[in-house]
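This report describes the nonpolar core and the salt bridges of the chain shown below.

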Amino acid sequence: MPSSVVYRMHYDRDTATLRVIFVSGLVYDYKNVPEEVYHAMKTSGSKGTYLNKYIKGHYEYEKVVETGH
């Protein structure tokens, strides 16, 4: 389902890093995210709501770069 906030997501199993690319072009890497959390977000009805409720404030993050996707 398309999101009005999240443009794309990518999960790196080797580093347990969830990369979230926002519609705005901002890119954040969330560290040590369990794979099941990524799958739950991927299948949630609202990725933005899931991100705000279960990821932001729960996992360390790093702003990566702004893109024009």
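A salt bridge is here a side-chain nitrogen of Lys or Arg within 4 Å of a carboxyl oxygen of Asp or Glu. In this predicted model, Lys31 and Glu62 form such a bridge, with their closest N and O atoms 3.6 Å apart. Lys31 lies in the loop between strand 3 and helix 1 and Glu62 in strand 4 (residues 61-66), so the bridge ties together parts that are 31 residues apart in sequence. Lys31 is partly exposed at 25% relative accessibility, and Glu62 is partly exposed at 42%.

By this rule the model has three salt bridges, listed in the table.

| Pair | N to O distance |
|---|---|
| Glu35 and Arg13 | 2.6 Å |
| Asp29 and Arg19 | 2.7 Å |
| Lys31 and Glu62 | 3.6 Å |

Asp29 in strand 3 and Arg19 in strand 2 are 10 residues apart. Asp29 counts as buried because its relative accessible area is 8%, under the 20% limit, whereas Arg19 is partly exposed at 32%.

The bridge between Glu35 and Arg13 joins helix 1 to the loop between strand 1 and strand 2, across 22 residues. Glu35 is partly exposed at 26% relative accessibility, and Arg13 is exposed at 60%.

The largest nonpolar core comprises 17 residues, and Leu18, Val20, Tyr30, Val33, Met41, Leu51 and Ile55 have the most contacts inside it. Strands 1, 2 and 3 and helices 1 and 2 each give two or more residues to this core. Setting aside residues up to four places away in sequence, Met41 touches Val6, Met9, Leu18, Lys47, Tyr50, Leu51 and Ile55.

How values were computed. Residues are numbered from 1 along each chain as its sequence is written. This is a predicted model: local features need pLDDT of at least 70, side-chain atom pairs count only at pLDDT 80 or more; totals for chains, interfaces and linings use all residues. Side-chain values use heavy atoms; hydrogens and water are left out. A nonpolar core is a set of buried Ala, Val, Leu, Ile, Met, Phe, Trp, Tyr and Cys residues joined through side-chain atoms within 4.5 Å. Buried means under 20% relative accessible area, exposed over 50%, partly exposed in between (1.4 Å probe, protein chains only). Helices (H or I, at least four residues) and strands (E, at least two) are DSSP runs, numbered from the N terminus. Contact means heavy atoms within 4.5 Å.
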